[in-house]
Amino acid sequence: MSNAVIQLIVLAGIAIFLILRLKNVLGTRDGWEDPDAPLERPGPAQRRGFEVIEGGPDQDITDHVAEGSPAARALAQMKQAEPSFNVTSFLQGARGAYEMILMAFETGDLEKIRPFLSPEVFAAFEGVVQARAEQGLDIQAEFMGLREMVLSEAEYDASSREAEITVRFLGEVISVARDANGNVVEGDPRSPRKQRDVWTFARKMGSADPNWQLVATGG
């Protein structure tokens, strides 16, 4: 028998031994595996974690007014009439509108804010500006910042789709009135004053015009 044949026989024997050895190892538990468990019939999948409850509180509303309050119900109706409406975004816009309108009123530059005022509010602002001009007063004003902004009321008329939101503002303003000779007759150029306002904004929900108008002012 040639050496080549002998080598083939030896290799075949080794291969058979390794196959049998591997089979024995794979078929044996090593003590770390759990015993076989009986098969269970599949049931409905269990829900884990928290569930979002349909019809639950709208945080965009309850972040600003009490849940279940008349204001909360009115805001919810506004959202139903115009799904894109967002209370938080409205208040962000109101913050910017407050500074813009207040500074335009202080300095007498009303034309640039006319689209944001109802005719009645514009007429009232214009009357004050004209009275100051007749007295020869020059107003210089600087907005120092908004210290507080609170949504206090909200109303919605479903028949007309008219919405009104009332916001309380507390700001700080430096405002100085000088006469024709440059003398300070009102205000302090070095000391800001607290400016408290209660403004009501109105808009028809679903309207193509996204702007709210200032329809009422108070202190």
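Helix axes here are lines fitted to C-alpha atoms, over the stretch in contact, with angles running from 0 to 180 degrees between N-to-C directions. Everything shown is a predicted model, where local features need pLDDT of at least 70, side-chain atom pairs count only at pLDDT 80 or more, and totals for chains, interfaces and linings use all residues. Residues are numbered from 1 along each chain as its sequence is written, and side-chain values use heavy atoms, with hydrogens and water left out.

**View 1**
Follow the sequence and the pattern reads α-α-α-α-α-β-β-β-β-β. Of the 219 residues in the chain, 29% are buried, where buried means under 20% relative accessible area, exposed means over 50% and partly exposed is in between (1.4 Å probe, protein chains only). Take the contacts (heavy atoms within 4.5 Å) between residues at least 6 apart in sequence, and 57% of them join residues at least 24 apart.

**View 1. Helix α4 meets helix α5.**
The axes of α4 (residues 87–107) and α5 (residues 119–134) come within 9 Å and cross at roughly 35 degrees. On the α4 side, I101, F105, E106 and T107 make the contact, and on the α5 side it's F125, V128, V129 and R132. Sorted by type, that gives five nonpolar residues, one polar and two charged. The sorting puts Ala, Val, Leu, Ile, Met, Phe, Trp, Tyr, Cys and Pro down as nonpolar, Asp, Glu, Lys and Arg as charged, and the others, Gly among them, as polar.

**View 2. Zooming in on V129.**
V129 sits in helix α5 and is buried, at 17% relative accessible area. Setting aside residues up to four places away in sequence, V129 touches F105, G108 and L110. With L110, the separation is 19 residues in sequence and 8.7 Å in space, C-alpha to C-alpha.

Leaving out residues up to four places away in sequence, S118 touches Q213, L214 and V215.

**View 3. The largest pocket.**
This pocket has a volume of about 230 Å³. On a 1 Å grid over the protein atoms alone, a pocket is an open set of points where a 1.4 Å probe fits, with protein on both sides within 12 Å along at least five of seven lines, and lining residues have an atom within 4 Å of a point. Grid points are joined across faces, edges and corners, and the volume is the space filled by probe spheres set on the points. There are 14 lining residues, of which F90, G93, A94, A97 and W212 are the closest to the centre. Helix α4 supplies the largest share of the lining, seven residues. By type, the lining splits into 10 nonpolar, four polar and no charged residues.

**View 4. Aromatic rings, pair by pair.**
A pair of aromatic rings is described by the distance of the centres and the angle of the planes. Rings of Phe, Tyr and Trp (its six-membered ring) pair if their centres lie within 6.5 Å; planes under 30 degrees apart are stacked, over 60 edge-to-face and the rest tilted. That rule gives 10 aromatic pairs. The F85 and W212 rings have centres 6.0 Å apart and planes at 40 degrees, so this pair is tilted. F85 belongs to the loop between α3 (70–81) and α4, and W212 to the loop between β4 (193–204) and β5 (213–218), so the pair ties together parts 127 residues apart in sequence. Both F85 and W212 are buried. F169 and W199 have ring centres 5.7 Å apart and planes at 65 degrees, so that pair is edge-to-face. Here F169 comes from strand β2 (residues 162–178) and W199 from strand β4, so the pair ties together parts 30 residues apart in sequence. F169 is buried at 3% relative accessible area, and W199 is buried at 3% too. One aromatic cluster is formed by F85, F90, Y98, F143, F169, W199, F201 and W212.

**View 5. K79 and its contacts.**
K79 has its place in helix α3 and counts as buried, at 17% relative accessibility. Residues up to four places away in sequence aside, K79 touches D58, D60, I61, F85, N86 and V87.

Note on methods. Helix = DSSP H or I, 4+ residues; strand = E, 2+ residues; numbered from the N terminus.
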